[in-house]
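Subject: Handover of a structure

Hello,

Here is the structure for you to take over. Please open it first, then read my notes below.

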Amino acid sequence: MFMRTIEPAFYDTDALGHVNNTRLPAWFELARNDLFRLFTPDLDPRKWRLIMARMEIDYRAELHYGSDIEIRTYVSRLGNSSFTVTQEAWQKGELTNLGHTVMVHFDHDLKRAVPLAGELRTALEAHLQPLEETSDA
């Protein structure tokens, strides 16, 4: 698991007095840099080997200015050429937001997905924390 601390800026707030919901996708992307470095250590976009296939965020509670936000990032599913990155935003000990992003290992020249194999797969497995199935019974 990777962890990043975000210090919200005053301009991150909206007219309702809490952090605007548009900030979470940007902060989650920033926090994915640690995973991106497994694919492209220098983050050079000319060497990029990923594409985003899907992103979703569950907004569970408000975030507020004046208190740090901890972003926890881990792999929750590892497929043949794609994987799901799960991210949690925590503030004052409360899980406030939960995000899932499907990333695909991609060859931009060939315009196709390529398998996650070898050392890269091993590196991703080190951050794998499968989600537990929950029931709404």
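R121 and E125 both sit in helix α3 (residues 118-125), four residues apart, so about one helical turn separates them. Their side chains meet in a salt bridge, with 3.7 Å from N to O. R121 is partly exposed, because its relative accessibility is 23%. E125 is partly exposed too, at 42% relative accessibility.

Please keep in mind that this is a predicted model.

**Overall layout**

The protein has three helices and six strands. Along the sequence, they follow the pattern β-α-α-β-β-β-β-β-α. The C-alpha atoms fill a box of roughly 45 × 40 × 20 Å along the principal axes. There are 137 residues, and 41% of them count as buried. I also looked at contacts between residues at least 6 apart in sequence. Of these, 64% join residues at least 24 apart.

**Other salt bridges**

How many salt bridges are there? The count comes to seven. One of them joins D12 and R23, with the closest N and O atoms 2.7 Å apart. This pair links distant parts of the chain. D12 is in the loop between β1 and α1, R23 is in helix α1, and eleven residues separate them. Is D12 buried or exposed? D12 is buried, with a relative accessible area of 3%. R23 is partly exposed, at 23% relative accessibility.

E56 and R54 form another salt bridge, and here the closest N and O atoms are 2.7 Å apart. E56 counts as partly exposed, with 31% relative accessibility.

**Helix α1**

Helix α1 covers residues 23-31. Its buried residues are L24, W27, F28 and A31. Seen down the helix axis, these buried residues of α1 fall within an arc of 100 degrees, so they line one face of the helix. What covers them? The cover includes α2 (33-39) and the strands β1 (2-6), β2 (50-59), β3 (69-78), β4 (82-91) and β5 (94-107).

**Nonpolar cores**

The largest nonpolar core has 13 residues. Those that touch the most other members are L35, F39, L50, F83, M103, L116 and L124.

Leaving out residues up to four places away in sequence, L116 touches F39, L78, G79, N80, S81, S82, F83, H105, R121 and L124. R121 is the arginine that forms the salt bridge with E125.

Another core lies apart from the largest one. This other core has eleven residues, among them L24, W27, I57 and I71. L24 and W27 are also among the buried residues of α1.

**Aromatic rings**

A pair of aromatic rings is described by the distance of the centres and the angle of the planes. The count here comes to three aromatic pairs. In one of them, F10 and Y65 are edge-to-face. Their centres are 5.7 Å apart, and 85 degrees lie between the planes. Where do the two residues sit? F10 is in the loop between β1 and α1, and Y65 is in the loop between β2 and β3. They are 55 residues apart, so this pair links distant parts of the chain. F10 is exposed, with a relative accessible area of 61%. Y65 is partly exposed, at 46%.

F39 and F83 form another pair. Their ring centres are 5.6 Å apart and their planes are at 5 degrees, so the pair is stacked. F39 lies in helix α2 and F83 in strand β4, so the pair ties together parts 44 residues apart in sequence. F39 is buried, at 4% relative accessibility. F83 is buried as well, with a relative accessible area of 1%.

One charge also sits over a ring. R72 lies over the face of W90, at 4.2 Å from the ring centre.

Best wishes

How values were computed: Residues are numbered from 1 along each chain as its sequence is written. This is a predicted model: local features need pLDDT of at least 70, side-chain atom pairs count only at pLDDT 80 or more; totals for chains, interfaces and linings use all residues. Side-chain values use heavy atoms; hydrogens and water are left out. Buried means under 20% relative accessible area, exposed over 50%, partly exposed in between (1.4 Å probe, protein chains only). Helices (H or I, at least four residues) and strands (E, at least two) are DSSP runs, numbered from the N terminus. The arc is that of the directions from the helix axis to the C-beta atoms. Contact means heavy atoms within 4.5 Å. A salt bridge is a side-chain nitrogen of Lys or Arg within 4 Å of a carboxyl oxygen of Asp or Glu. A nonpolar core is a set of buried Ala, Val, Leu, Ile, Met, Phe, Trp, Tyr and Cys residues joined through side-chain atoms within 4.5 Å. Rings of Phe, Tyr and Trp (its six-membered ring) pair if their centres lie within 6.5 Å; planes under 30 degrees apart count as stacked, over 60 as edge-to-face and the rest as tilted. A charge sits over a ring if NZ of Lys or CZ of Arg is within 6 Å of the ring centre and within 35 degrees of the ring normal.
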